[in-house]
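Q: I am new to this structure. Please show me how to read its features one at a time.

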Amino acid sequence: MAEQQRSPLAHTSLSPPQVRAIVNRFLLSQVGSVFAAGIPELDSAAHLWHVPILYNPPDFTGDEVGQAQVSAITGEIQQHTPVAELRERAATLHERDKTQIHTAFLRARKK
């Protein structure tokens with residue numbers, strides 16, 4: 001009987017929360033605390049998780065400013081939007097939404 005072939009993802013695939021944690025650690029250490037990983041989507045053909053990077057100031061949900069790709073096999077970040085580009089896009093969003101962000105920040109301080 002022929003041995004059944006198994007997908008490399010069958011035993012090494014990370015869960016979405018694990019992938020988000022990998023990207024969040026990278027963002028916190030390399031970019032800043034106002035960025036967060038969004039919901040990862042698995043591209044099983046490419047063995048990659050595609051993870052949106054969100055501008056996420058306190059108590060305010062911003063928009064996507066970039067993306068990271070994480071290996072579904074090794075858990076390593078394979079590619080990401082350049083840090084300067086993430087910061088530039090965040091500054092644009094901050095300028096656009098500064099009144100709402102300031103209001104959310106003040107509300108969070110009162111908690």
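A: Begin with a definition: helices and strands are DSSP runs, numbered from the N terminus. The model is predicted. From the N terminus on, its elements follow the order α-α-β-β-β-β-β-α, which comes to 3 helices and 5 strands.

Q: How many residues does helix H2 have, and what span does it reach?

A: The expected span of a helix is 1.5 Å times one less than its number of residues. Helix H2, residues 16-30, has 15 residues and reaches 21 Å from its first C-alpha to its last, close to the 21 Å expected.

Q: Which residues of H2 are buried?

A: Buried means under 20% relative accessible area, and exposed means over 50%. In H2, the buried residues are Val 19, Ile 22, Val 23, Phe 26 and Leu 27. Because they cover an arc of only 130 degrees around the axis, they are on the same side of H2.

Q: Which residues are exposed on the other side of H2?

A: On that other side, Pro 17, Arg 25, Leu 28 and Ser 29 are exposed.

Q: What follows H2?

A: Gly 32 follows H2, and its phi is positive, near 150 degrees.

Q: How do I read the pairing of strands, and which strands pair with E3?

A: Two strands pair if DSSP finds at least two bridges between them. Strand E1, residues 35-37, pairs with E3 in the antiparallel sense over 3 bridges. Strand E2, residues 41-43, also pairs with E3 in the antiparallel sense, over 3 bridges. Strand E4, residues 64-71, is joined to E3 by 7 bridges, and these two strands run antiparallel.

Q: Which residues stand opposite each other in these pairs?

A: Take one example from each pair. Phe 35 stands opposite Tyr 55 in E3. Asp 43 has Leu 48 of E3 opposite. Ile 53 stands opposite Gly 66 in E4.

Q: What does the side chain of Gln 69 make a polar contact with?

A: The partner is the side chain of Gln 67, at 2.8 Å.

Q: Which residues does Gln 69 touch, not counting those up to four places away in sequence?

A: Gln 69 touches Leu 48, Trp 49 and His 50, as well as Glu 76, Ile 77, Gln 78, Gln 79 and His 80.

Q: What can be said about the chain as a whole?

A: Of its 111 residues, 34% count as buried. The chain exposes about 7,300 Å², and carbon and sulfur atoms supply 52% of that area. Among contacts with a separation of 6 or more, 42% are between residues 24 or more positions apart.

Technical notes:
Residues numbered from 1 in each chain as written. Predicted model: local features only at pLDDT ≥ 70, side-chain atom pairs only at ≥ 80, totals over all residues. Heavy atoms only, no water. Helix = DSSP H or I, 4+ residues; strand = E, 2+ residues; numbered from the N terminus. Buried < 20%, exposed > 50% of the residue type's maximum accessible area, 1.4 Å probe, protein only. Arc of directions from axis to C-beta. Contact = heavy atoms within 4.5 Å. Areas by Shrake-Rupley, 256 points an atom, 1.4 Å probe, with all protein chains shown as cover. Polar contact = N/O pair within 3.5 Å; in protein donor to acceptor, adjacent residues only side chain to side chain.
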